[in-house]
Amino acid sequence: MTQSAAINPRFAQALSALGLGHVEVRTFPDSTRTAAEAAAAIGCELAQIVKSLVFTADGEPVLVLMDGASRVDVDLVRDALGATEVKRADAATVRAATGYAIGGVPPFGHVTEMRVLADRGLLAHETVWGAAGTPHAVFALEPKMLIQHAGGTLADVREAAGCPR
């Protein structure tokens, strides 16, 4: 792993604008596109990875921050947002809303402002790791700070164990 001066420029600008210019961005030669790949590269628990997942709620993009070991319960997201319909966004919607491709979407630094829900389970960790704008880069922050900088609202949106959708 290395710290790269050539990190995603939009994400580097977001870190700077948020006063997080000191945060180390680690890059890896192999992909960190999935939570499992990121956890293996970093050497942390799968649950310490923050997945930045884009959904649409009544046609508007929303971001859900979820730990890497869990799945999002779309019905709970719908209830938390007071929406009629919530569904997973397609790749084009993700890129249009965030400016990043799936697998590299960070929790903040997007091209559009979105509502952000952060699953309460993220707070169970001292440090969490999020994507840093590419499928080969990650950064670490304390979960409360990450959620705050993402403009997230805490919610219980994790799928119950044993309830696949």
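Met-114 counts as buried because its relative accessibility is 14%, where buried means under 20% relative accessible area with a 1.4 Å probe and protein chains only (exposed is over 50%, partly exposed in between). This is a predicted model, so local features need pLDDT of at least 70 and side-chain atom pairs count only at pLDDT 80 or more, while totals for chains, interfaces and linings use all residues. Residues are numbered from 1 along each chain as its sequence is written, and side-chain values use heavy atoms, with hydrogens and water left out.

You'll find Met-114 in the loop between α4 and β6; helices (H or I, at least four residues) and strands (E, at least two) are DSSP runs numbered from the N terminus. Leaving aside neighbours within four places in sequence, Met-114 is in contact (heavy atoms within 4.5 Å) with Pro-61, Val-62, Leu-63, Ala-97 and Thr-98.

Now for the nonpolar cores, which are sets of buried Ala, Val, Leu, Ile, Met, Phe, Trp, Tyr and Cys residues joined through side-chain atoms within 4.5 Å. The largest has 29 residues, and Phe-11, Val-25, Leu-65, Phe-108, Phe-139 and Leu-146 have the most contacts inside it. Elements giving two or more residues to this core include α1 (9-17), β4 (60-67) and α5 (143-150). A second, separate core of 14 residues includes Val-62, Met-66, Leu-81 and Leu-117.

Back to Leu-146: setting aside its neighbours within four places in sequence, Leu-146 is in contact with Val-50, Leu-65, Pro-107, Phe-108, Val-128, Phe-139 and Leu-141.
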